[in-house]
Amino acid sequence: MADIFLQTCWFVPFYGALGALLTLPWSSGLLRPIGQRPAAYINILMTLFSLIHGGIASAAIAGHDRYQIVVPWFQAADLDVSLAIEVSSVSLGGATLVALLCFLAQIFGLGYLEKEVSLARFYGLMGLFEAALGGIALSDSLLLSYGLLEMLTLSTYLLVGFWYAQPLVVTAARDAFLTKRVGDIILLMGIVALSSYGTGLTFSELEAWAATSPVPDGVATLLGLSLIAGPIGKCAQFPLHLWLDEAMEGPNPASILRNSVVVAAGAYVLIRLQPVFTLSPVASDTLILIGTITAIGASLMTLAQIDIKRTLSHSTSAFMGLVFVAVGLGQVDIALLLLFAHAIAKALIFMSIGGIILNTNTQNITELGGLGSRMPVTALAFLVGGAGSTCLLPSGVFLTFRHWLEEFPQMSIAGVAVLVIVNLVTALSLTRLFRLVFLGEPQMKTRRAPEVNWLMAVPMLTMTILTILVPVALYRWDLLALSHETSPATHSTMMLQVVPPLLLLSGLVGVGIGLILPLLRTGARSMNPAIRFCQDLLAYDFYVERIYKVTVVWAVMSLSRLSVLFDRYVVDGLVNATGLATLFSGQALRYSSSGQSQFYVLTILVGTGLLVFLAATLPF
């Protein structure tokens with residue numbers, strides 16, 4: 001029986017697409033009288049089938065070699081484009097994780113959107129979301145992965161703009177879509193260029209191709225940079241990082257997936273492309289530079305945000321920055337572990353804040369407070385998720401960082417400093433958030449806030465247990481020994497003995513600073529000019545958006561105006577001048593129709609003479 005599920009594992013992503021298709025009668029309004037809930041139940045059932053199918057197939061592939069399922073699609077001359085699916089423990093495990101998080105997020109959505117009149121449309125979009133994510137996990141084809149990434153971009157646009165009657169939501173959806181399109185277009189250029197240099201369009205061939213590639217250094221650099229562009233947009237990395245916090249205008253159940261597995265999908269494609277980056281040190285250094293800038297910069301941005309969802313979205317960008325650093329250093333196994341640990345913990349945190357937003361009708365943390373006694377389950381979930389996102393305890397993140405140092409003991413002081421800074425600032429930010437939301441005196445909007453309903457509590461408690469069990473899973477599945485064993489002689493004893501306690505200490509220091517830091521709920525903007533400058537610098541994302549407006553946006557607008565002027569006065573002018581000349585000459589020549597043949601002959605001779613004169617004198 002397990003072999004049947006394994007052989008048909010390619011159908012796992014189609015459950016979500018089938019669920020989205022079955023919701024069309026409700027989404028289109030044909031079955032409006034019977035309500036919207038049946039559409040939600042159908043999607044949840046399809047996701048459950050996907051979870052069961054993927055889980056059985058994942059268990060069946062354990063201990064077996066990976067293999068491909070290839071579907072020929074297009075062949076012309078020497079171009080052979082096939083859609084390939086990789087069946088391995090990693091790909092099936094990723095698809096199962098996607099199905100699990102989608103299943104819990106959809107149950108959570110039943111409680112969160114219980115009064116939503118467009119519930120069927122939301123669950124139909126979530127089905128598309130799930131299909132694209134599951135397909136990316138299984139795909140071994142660059143072309144198929146690119147198509148699924150485009151499907152993911154479209155789903156993101158539709159889900160962010162779900163409440164399209166609000167102008168801010170429309171703007172956020174547009175910005176998220178266009179920002180991702182910038183990276184996607186450059187990624188497509190890289191895929192086309194890669195296929196023209198002798199390699200197939202499958203990830204499995206990249207490592208062998210990179211080992212024998214005759215590509216010149218300059219071309220390899222351009223190729224690597226173009227392939228980086230797509231994941232930069234998908235993972236909200238600098239300079240394409242502004243879309244993720246704007247995308248928080250969408251419903252919270254979609255934000256759960258967006259901050260856990262959607263950004264991980266872009267990072268997963270980056271990990272699969274890692275052999276290409278080894279051809280160019282510039283590409284690898286660019287990954288490390290972008291990841292470092294985003295990790296530190298986005299972590300600092302969380303300290304000055306007052307929107308609870310935007311605070312956590314910047315934290316997501318920071319963690320994805322560490323994934324970029326790991327890929328740039330060639331630590332692919334570490335990058336996968338980071339994605340796994342982060343997805344579980346961040347999904348739990350977004351579930352907890354979803355209950356807060358629903359019961360208080362606000363996302364402004366200066367209007368919250370005292371919720372710990374009124375929402376103890378939510379507070380516990382936030383604490384566990386926060387601990388799982390930092391190196392406070394032997395959590396998944398801490399074990400991954402420690403394994404990183406074991407696998408790469410020659411990491412520089414700067415690399416260790418990045419880990420320490422990001423961990424410290426993340427712990428500080430989460431502690432600040434916990435104090436403002438759950439501690440202190442109840443505020444006007446939190447005095448009567450109840451605990452979340454059972455449809456939201458059950459997924460939240462499930463994710464809490466999963467977050468606690470992540471370290472056990474890492475050891476149980478032997479995920480902390482993915483790469484080859486390294487001789488103890490090559491390890492830096494000081495690195496392994498000093499840095500792990502330093503990471504724990506940095507987390508505790510961040511918590512300590514967060515506990516003693518004075519927090520102002522009203523008048524949160526300081527009157528001290530220096531502090532106010534730092535607050536504004538971080539709150540406005542280092543003014544990157546304003547820099548874009550005076551550079552990129554200004555350049556595009558200026559070129560657009562020049563194009564309009566050129567079209568109006570040059571192109572239209574030439575067309576209008578030609579028309580006027582034709583009209584004038586026609587009006588003038590009508591007087592030459594006298595009926596005398598000798599006059600017509602004279603006209604032909606004069607015209608021929610002028611043509612001969614022009615041909616002889618003008619330099620053609």
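Trainee: What is the mean pLDDT of the protein, and how many of its residues reach 70 or more?

Mentor: The mean is 85, and 92% of the residues reach 70 or more. Over residues 482-491, however, the pLDDT is below 50, and this stretch has 9 contacts in the model beyond near neighbours in sequence. Where pLDDT is low, the predicted coordinates should not be read in detail.

Trainee: Into which domains is the protein divided?

Mentor: Domain 1 covers 223-539 and domain 2 covers 546-617. Taken over C-alpha atoms, the centres of domain 1 and domain 2 are 63 Å apart.

Trainee: What describes a pair of aromatic rings?

Mentor: Two quantities are used: the distance of the centres and the angle of the planes. In this model the count comes to 15 aromatic pairs. In one of them, tryptophan 10 and phenylalanine 14, the ring centres are 6.2 Å apart.

Trainee: Why is the pair of tryptophan 10 and phenylalanine 14 edge-to-face?

Mentor: Because their planes stand at 80°, and an angle over 60 degrees counts as edge-to-face. Tryptophan 10 is partly exposed, with a relative accessible area of 38%. Phenylalanine 14 is also partly exposed, at 44%.

Trainee: Which kind of pair do tyrosine 157 and phenylalanine 177 form?

Mentor: That pair is tilted, with 5.3 Å from centre to centre and 55° between the planes. The two residues are 20 apart and link distant parts of the chain: tyrosine 157 belongs to helix 7 (residues 142-160), phenylalanine 177 to helix 8 (residues 167-195). Tyrosine 157 is partly exposed at 34% relative accessibility, and phenylalanine 177 is partly exposed at 29%.

Trainee: Which residues do ring pairs link into a cluster?

Mentor: The cluster consists of Trp10, Phe11, Phe14, Tyr15 and Phe49.

Trainee: Where does the charged end of lysine 180 sit?

Mentor: It sits over the ring of tryptophan 243, at 4.2 Å from the ring centre. Another case is arginine 546, which lies over the face of tyrosine 540 at 4.8 Å from the ring centre.

Trainee: Is histidine 53 buried or exposed?

Mentor: Histidine 53 has 4% relative accessibility, so it counts as buried; the cut-off is under 20%. This histidine is found in helix 4 (residues 37-61).

Trainee: Which residues does histidine 53 touch, not counting those up to four places away in sequence?

Mentor: Histidine 53 touches Phe5, Thr8, Cys9, Val12 and Tyr15. Tyr15 also belongs to the ring cluster.

Definitions and conventions:
Residues numbered from 1 in each chain as written. Predicted model: local features only at pLDDT ≥ 70, side-chain atom pairs only at ≥ 80, totals over all residues. Heavy atoms only, no water. Domains from an automatic or database assignment. pLDDT = per-residue confidence, 0-100. Contact = heavy atoms within 4.5 Å. Phe/Tyr/Trp six-rings, centres within 6.5 Å; stacked < 30°, edge-to-face > 60°. Buried < 20%, exposed > 50% of the residue type's maximum accessible area, 1.4 Å probe, protein only. Helix = DSSP H or I, 4+ residues; strand = E, 2+ residues; numbered from the N terminus. Lys NZ or Arg CZ within 6 Å of the ring centre and 35° of its normal.
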